[in-house]
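Please examine the structure shown below. The paragraphs that follow consider the surroundings of the ligand and then the aromatic rings.

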Amino acid sequence: MCGIVGYAGHRQAVPILLRALKDLEYRGYDSAGIAVLDGDSLSITKRQGKIANLESAINATASGTVGIGHTRWATHGRPSDQNAHPHVSCDERVVVIHNGIVENYAPLREALGARGHVFRSETDTETVAHLLEEEMRAGADLFEALRRTAQRIEGSQAVVAMSLDEPGVLAAARLGNAGGVVIGFGDGEMVVASDLAAVLPITQDVAFLSDGQVARVTPKGAEVRTVSGEPVPLQRKRVPIDPVTALKGQYPHFMLKEIHEQPEALADTIWSLATLEPPALYFDDLGPAADRLPDVDRVILIGMGTSLHAAMLGQRYIEAFARVPASVDNGSEFRYRDPVVDERTLVVSVSQSGETVDVLEAMAVARAAGAVQVTVCNTEGAQTTRVADGTVYTRAGLERGVASTKCFSSAVVALYLFALRLAQAKGRISQSELAAHLGELAQLPRAVADVIANRERYRRVAARLAQAQHALFLGRGLAHPVAMEGALKLKEISYIHAEGYAAGEMKHGPIALIEPAFPTVAIATQHALRAKMVSNIEQIQARGGPVIGVVSEGDEELTALCDEVITVPRVSSWLEPVVSVVPLQLVAYDVAVHRGCDVDQPRNLAKTVTVE
Ligand code: F6R
């Protein structure tokens, strides 16, 4: 989950690394550090806390055109200056940044200590610096030293190292699924980083390392080998992400910007996968998965957090349109429960980053069982897209806010369209039905834009929720995942305890919590289940609990019944989750701002979760 970046080129490295670290800060913000090499001098600055602390501490005169930088999400060792990366070897000639976990660090540390190495931090990472030192003392160059070290460390991780003995060279490794390594090819300059956000300001010409690969990067290019030493031809590609989407622009926070980008993001997702005239679906990246879809007899959707909530909606769409039994699971549970999977099972993974380790490990289990795999992903070339047989790209643009917003709604529509595609493959949908679905989908970006335009109307709801210690979110049918997502958004950025429940569950336990200071957000837009939601709302109010209703425009009865309402435009009931979730995102945002929380970097979280 840490952010890592290395630069080798002709420009001063410090400003480039600092800028890149700001682009990576969403991956972790416990501490940050930079090391730059200038001939035979190595200068390292590291500070606990956010990049701003590092920036004010850094020596403006630290010069050098080669360097590495790191922003940390602590795993081994508390956040402190001392535990901040980069870490150095005893002779202070090798310097390392790292993302992931050296699982055998304890025995390695003991053995290195017995051989006279002195540790300066509590981190697992420092073992890598000492191992590299040993390999280099034994005659290896930096690249070879990292290749050999990669065979000695266990666990999933990414490493970038440099050495005073080879100025101008960076060595990088990707081992397992703990995080990506992207190499960017600039004009006489190269960058290597944990993700595209840090590379795009320099170049869109990139290559991705796969699991078990080590790279030697110099200002002129890169050479890659497997950990066992075989050369690997690099597959360079031009990524189509516009670097402008990485900027906050007029918005105070990335989250608010990304909420506002939803109409456009949804349109991009929809029209990259479908056309209205003629009504048709275009899943160009399905690869070999396309031919296997007609034989699929079961679907399992996996994801984590917000992506799991999108997967829950995908399950409903697949069962409804393709009539194939579908279930949904956390990647972290699926992996360890010995699931029943065979070659007729379709596993659909949903991951914005495509780098979430819980999802990648679940995909490895599915692969071993012979399942056909499709991933719904927002990141070009991410690891899930390389493991799956086929990809459905969401095309929402770069998402920087730690709380996912536009990638959730885009994943929901991508899953909706994929369910139609599966229905086609199974012969379960007519051309006129497809046309009707696409016609409804075409209205969605406009409806979401209307929701966003009504932002002022939701402020009263936010002011009310901001006073609460706890909140319950309830929904039935397709509104159940929305309730879970609304609760997650509120708790993760405002630190108000919130739970999302299937409304029918309420009377089986949560109703005991209801009292005047405990608000319930009731998502009552699913028309077929509306009467049941009305009963739930009345049951809550009978016990003195205030109810904030999310209701469809023109629903006078519910508007009169609820203590506060959020009205959303009427759309097809299949698409209601998308229009109902947007005001909940806006309310969570306003509550967090009201409470003075750090919206884009909530405490303890990181955007890409690459540890189990
Ligand atoms: C919450 C949030 C997380 C992610 C989860 C999975 O707002 O963003 O719950 O959804 O960490 O991440 P991806 O989608 O990258 O696999």
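A polar contact is a pair of N or O atoms within 3.5 Å; within protein, one atom must be able to donate a hydrogen and the other to accept it, and residues adjacent in sequence count only if both atoms are side-chain atoms. The model is predicted, so that local features need pLDDT of at least 70 and side-chain atom pairs count only at pLDDT 80 or more, while totals for chains, interfaces and linings use all residues. Residues are numbered from 1 along each chain as its sequence is written, and side-chain values use heavy atoms, leaving out hydrogens and water.

A polar side-chain atom of Ser-351 lies 2.6 Å from an oxygen atom of the ligand. For Gln-352, a backbone N or O atom lies 2.7 Å from a ligand oxygen atom, and for Lys-489 a polar side-chain atom lies 3.0 Å from an oxygen atom of the ligand.

Aromatic rings form another topic. Rings of Phe, Tyr and Trp (its six-membered ring) pair if their centres lie within 6.5 Å; planes under 30 degrees apart count as stacked, over 60 as edge-to-face and the rest as tilted. By this rule there are 6 aromatic pairs. The ring centres of Phe-283 and Phe-418 are 6.1 Å apart and their planes stand at 65°, so this pair is edge-to-face. Buried means under 20% relative accessible area, exposed over 50%, and partly exposed in between (1.4 Å probe, protein chains only). Phe-283 counts as buried at 11% relative accessibility, and Phe-418 counts as buried at 0%.

The rings of Phe-321 and Tyr-416 have centres 5.3 Å apart and planes at 90°, so this pair is also edge-to-face. Ring pairs link Tyr-317, Phe-321, Tyr-416 and Trp-574 into a cluster.
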